[in-house]
Amino acid sequence: MPKACTALKVPLAKIAQVRPGLSFREAIRHVEGGSISVVQAGDIGVDGVINPAELLRIAVVPVQGGIPELKQGQVLLQSRGQSYRAGVVPPHHGAMVATASLLVITPGATVLSAYLAHFLNDPVTQAELRKRAAGATIANLKRSELEDLEVLVPSLEDQKRIVALGEALRQQSRIEARLVELRRIQLRALIEERAERNRGR
């Protein structure tokens, strides 16, 4: 029988603040030279990386008053569909905003951004988020459901170790994927070489 987990679990709302991204009523169109970068759900890579250089840029946002800018270290979470990938807002220049397809999480002092993103991307957590999402056509994860999600919270030192181990695992996966691709290319070259040899007989 699996050992019962006795680790510290707290609702996410106890360790972080959550707000929705910005709602755009029309399709977002890139404006060359625009001063504001826009993060959309698809901008969070499979490895949780957000690349500022690849973001669309706009000149104005559809809100009155100040721009709800993203800050380095906030965590963005996809809120629609079957995947709820998380990524950490990277260092960037100029204003950056998130669309309504993302929830913006500001971690408190007891949790590291990288750890929280790692925890949210964990397959067990992803399955829990899918259970909490609702919607007839497109599943939608409500802010309140995310705030109620129980988060395992190790010490800050352990969080750093877990993040480092996770990055090492991702690096290993990237190397293995590259090796598989090289072997595939090598095998294709062998097929062509042997076929050519057979044609000359």
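Student: Let's start with Gln-78: which element is it found in?
Tutor: Gln-78 is found in strand E5, where helices (H or I, at least four residues) and strands (E, at least two) are DSSP runs numbered from the N terminus. Before going on, please keep in mind that this is a predicted model, in which local features need pLDDT of at least 70 and side-chain atom pairs count only at pLDDT 80 or more, while totals for chains, interfaces and linings use all residues. Residues are numbered from 1 along each chain as its sequence is written, and side-chain values use heavy atoms, with hydrogens and water left out.

Student: Is Gln-78 buried or exposed?
Tutor: Gln-78 counts as buried because its relative accessibility is 8%; buried means under 20% relative accessible area, exposed over 50%, and partly exposed in between, with a 1.4 Å probe and protein chains only.

Student: What does Gln-78 touch?
Tutor: Leaving out residues up to four places away in sequence, Gln-78 touches Ala-41, Ile-44, Ser-83, Tyr-84, Arg-85, Ser-101 and Leu-102, a contact being heavy atoms within 4.5 Å. Gly-42 lies 36 residues from Gln-78 in sequence, with 8.4 Å between their C-alpha atoms.

Student: And which residue is the bridge partner of Gln-78 in E8?
Tutor: That partner is Leu-102. Strand E5 (residues 75–78) pairs with E8 in the antiparallel sense over four bridges, and two strands pair if DSSP finds at least two bridges between them.

Student: What else pairs with E8?
Tutor: Strand E2 (residues 16–20) also pairs with E8 in the antiparallel sense, over five bridges, and within that pairing Val-18 stands opposite Ile-105. Five of the six residues of E8 (residues 102–107) are buried, so this strand is largely enclosed by the rest of the structure.

Student: How many bridges join E3 to E7?
Tutor: Four bridges join E3 to E7, and the two run parallel, with Met-96 as the bridge partner of Ser-37. Strand E4 (residues 56–58) runs antiparallel to E3 and is joined to it by three bridges, and there Ser-37 stands opposite Arg-57.

Student: Switching topic, where is Ala-127?
Tutor: Ala-127 is in helix H3 (residues 123–132), and it counts as partly exposed because its relative accessibility is 31%. From Phe-24, Ala-127 is 103 residues away in sequence and 29 Å away in space, C-alpha to C-alpha.

Student: Now the overall view: how many helices and strands are there?
Tutor: The chain has five helices and nine strands. Its radius of gyration, 21 Å, is well over the 17 Å that the globule rule gives for 201 residues, so the chain is more spread out than a compact globule; the radius is taken over C-alpha atoms, and the rule is 2.2 Å times the number of residues to the power 0.38.
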